Number of protein chains: 2
Amino acid sequence: MNSKIRIGIISTAEIAHKVCLAINSSEYAEVYCVASRSLEKARQWADAHNIKIAYGSYEELLDDPNVDGVYIPLPTSLKKEWTIKAANKKKHVLVEKPLPGADSSQCMEDMIKSCEENGVQFLDGTMWLHSLRTQVAKQKKQELGKVLKVTAAMTFKAPNEEWLQGGNGRTNKNQEPQGCLGDQGWYPVGAILFAFDYELPKFVKCLSYKLNKVDTIIEFSGFLEFSDERYAYFDCGATFPHRSFVDIVCENGQIRIDDLVGGFGRTGNFNAYFENYVGSERFFVDDVQGKEEVVKVDACNHTVKMIDTFANIIQSKKTDHSWHHKSLTTHQVLAALFRATQRVGENVQIL
Amino acid sequence: MNSKIRIGIISTAEIAHKVCLAINSSEYAEVYCVASRSLEKARQWADAHNIKIAYGSYEELLDDPNVDGVYIPLPTSLKKEWTIKAANKKKHVLVEKPLPGADSSQCMEDMIKSCEENGVQFLDGTMWLHSLRTQVAKQKKQELGKVLKVTAAMTFKAPNEEWLQGGNGRTNKNQEPQGCLGDQGWYPVGAILFAFDYELPKFVKCLSYKLNKVDTIIEFSGFLEFSDERYAYFDCGATFPHRSFVDIVCENGQIRIDDLVGGFGRTGNFNAYFENYVGSERFFVDDVQGKEEVVKVDACNHTVKMIDTFANIIQSKKTDHSWHHKSLTTHQVLAALFRATQRVGENVQIL
């Protein structure tokens, strides 16, 4: 099939810049149009990104019959509404994480149900899952036997006090109900579930959390207990230096990815937004004695690879519900962790 | 001072082999004699290690006026008795960890009090604290600002099922009341306290633990909360592949030591007992953006450095109570963690 999948971008959020470049870098997709609540803003953004069509409302974009799929980087509180509207218009949906429904998975279930009923793909924006490195790591993981324990983190230091105290979408619960738990925490929680093949934990615990001046989570550490006494620990937030890793401890060795989400090599932070992302070329596998092997992989822009996945599913005309399961599972765990802040240290079950 | 400090070794435990070699490698000390409960065994071990004097009882060794200090690698349940007896004979004491008194620090306080009253040094066998790398890491830590969070681990995979199920001193609570919590857990707990400058946590939690067939701890994970909402997490045991690290997250960057205890480079496990230990030549410092710097250090045998510390204190005739504080603090935290197994997930205070 020669023609590229045509993607419409709904909203001109900061992250849309990065994903727009990725869409146009994919050999299977192109940015076809962009919509903003103001036509002027949409036109301006379209011009800056060399996009021909700009709409002054999200509805108009959804009504365009040439749009195959949409990318939704709206604030979390608006994601459900526009995902369901898009699905009802038979548009495939790529939604930026975290997913809505801070303390339950009902929202998510509604979104996915709507996509499945309309026969369209639902995919969340977890780019690292699509990298070449992740495929190799998954293979290595299988070779190392049962996963026994996982430790993961995603933290960065807020660029300034105003940012930390609610001046950014991530730190204002009106836009991001879970705050940094959802935003940064999506990655370590997703990495833990990846390691445990998306098995749901028996229960989760909030070990510690911090709120900013507008009562939004800016730091979190949690514990997950899986079947058969297997555990995971993670932390996330905007109060520590940049860390982004997962350690997967298996029966016969361990896998360590020390720049899970990136940026540029190990120097991540916000560079991923504004620099050409080349991805990491290696991860570590230690044997049971602790002897380290550096596993070399082909570098790739994992956001482009994510677009490839999305476009290939659309082209194939066969939706892949395994992605729905991954999104839902990750969200269910985050929702339980969010509820766990009300009972620090106690076991909270997945609903 | 030209003459070497004369050290007597009390018991011929497995670890005594390693420490005997280290003592004789120190330019400040020498192994002067060894004692076992059987003269034959002591003589045999002395011959194998080129030691002139062998005693068939610990008392005889303590009565030898030429002995300056003793090294005590006895099972944990016997350490208090022989430490106090040694101190009363005015011998300086180097005691293998963990320290006795599984669930309270009273034993430890008695031991230290006895050493202080007798004007002799008390030092536990935490070798990594004496390495050149630790000195450089400590300096780097100070440059990175306040310590906010620490993650650490010490695990290895039991060589076989019999070993795991009580066939080794570490896995039999009659010899090692805290099992692998004391034995392996001593390192990550000590590393956490090193990072927090030996401040005691406000409380600790046992998050998970496992017992073997003889009810001895073989796996443990715990959480420590320090003042000002600073945290630490660790795990230890004999059920996972070899891991031995500490990550110290500070305000302006982080320090990662990925082979804290060693072995030989990163391939640790039991090699440290039987091979010439050369130590690690590097650790990692990441800046606030996550950019990694490899810090090169002079390799050293940290057990030899520990002997140097012990011998230098004895030669100086001035005991250093900061080591007493480090031992006591580490033991207090382990005792609280041990008590915490009775109330998994709950906050337990240091006594």
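Both B:F196 and B:F226 are buried, and in this predicted model their two rings form a stacked aromatic pair, with 3.9 Å from centre to centre and 15 degrees between the planes. B:F196 belongs to the loop between α9 (186–195) and β8 (203–211) of chain B, whereas B:F226 belongs to strand β9 (residues 217–226) of chain B, so the pair ties together parts that are 30 residues apart in sequence.

Over all chains the count of aromatic pairs comes to 13. One of them brings together A:Y233 and B:Y233, whose ring centres are 3.8 Å apart and whose planes stand at 0 degrees, and because planes under 30 degrees apart count as stacked, this pair is stacked. Since A:Y233 lies in strand β10 (residues 230–237) of chain A and B:Y233 in strand β10 (residues 230–237) of chain B, the pair joins two chains. A:Y233 and B:Y233 are both buried.

Aromatic rings also take part in contacts with charged groups. In chain A, the charged end of A:K141 sits over the ring of A:F194, at 5.8 Å from the ring centre; in chain B, the charged end of B:K326 sits over the ring of B:W323, at 3.9 Å from the ring centre.

The next element to follow is helix α12 (residues 321–340) of chain B, which packs with α9(B) at an angle of about 120 degrees, the two axes being 10 Å apart. Angles of 65 to 115 degrees would count as roughly perpendicular and those over 145 as roughly antiparallel, so α9(B) is oblique to α12(B). The crossing of these two helices, α9(B) and α12(B), is right-handed. On the side of α9(B), the residues that meet the other helix are B:W186, B:V189, B:G190 and B:L193, while α12(B) contributes B:S327, B:T329, B:T330, B:H331, B:V333, B:L334 and B:L337.

Elsewhere in chain B, B:L132 is found in helix α6 (residues 132–143), and because its relative accessibility is 31%, B:L132 counts as partly exposed. When neighbours within four places in sequence are left aside, B:L132 is in contact with B:D298, B:A299, B:C300 and B:K305. By contrast, B:L132 and B:R339, which are 207 residues apart along the chain, have their C-alpha atoms separated by 35 Å. In chain A, A:P159 lies in the loop between β7 (147–157) and α7 (161–167); with 48% relative accessibility, A:P159 counts as partly exposed. A:P159 and A:V93 are 66 residues apart in sequence, and from C-alpha to C-alpha they are 31 Å apart in space.

The backbone deserves a separate look. Most residues other than glycine have a negative phi, and most peptide bonds are trans. A:P98 is placed in the loop between β5 (92–95) and α5 (106–117) of chain A, and B:P98 in the loop between β5 (92–95) and α5 (106–117) of chain B.

Positive phi values are found at A:N50, where phi is near 60 degrees, and at A:Y198, which has a phi of about 65 degrees although it is not a glycine. A:N50 lies in the loop between α2 (39–48) and β3 (53–55) of chain A and, at 72% relative accessibility, counts as exposed. A:Y198 lies in the loop between α9 (186–195) and β8 (203–211) of chain A, and with a relative accessible area of 10% A:Y198 is buried.

How values were computed
Residues are numbered from 1 along each chain as its sequence is written. Chains are lettered from A and ligands numbered from 1 in the order in which they are written. This is a predicted model: local features need pLDDT of at least 70, side-chain atom pairs count only at pLDDT 80 or more; totals for chains, interfaces and linings use all residues. Side-chain values use heavy atoms; hydrogens and water are left out. Rings of Phe, Tyr and Trp (its six-membered ring) pair if their centres lie within 6.5 Å; planes under 30 degrees apart count as stacked, over 60 as edge-to-face and the rest as tilted. Helices (H or I, at least four residues) and strands (E, at least two) are DSSP runs, numbered from the N terminus. Buried means under 20% relative accessible area, exposed over 50%, partly exposed in between (1.4 Å probe, protein chains only). A charge sits over a ring if NZ of Lys or CZ of Arg is within 6 Å of the ring centre and within 35 degrees of the ring normal. Axes are lines fitted to C-alpha atoms, for helices over the stretch in contact, and angles run from 0 to 180 degrees between N-to-C directions. Angles under 35 degrees count as roughly parallel, over 145 as roughly antiparallel, 65 to 115 as roughly perpendicular and the rest as oblique. A crossing is left-handed if the near helix is turned anticlockwise from the far one by less than a right angle, and right-handed if clockwise. Contact means heavy atoms within 4.5 Å.
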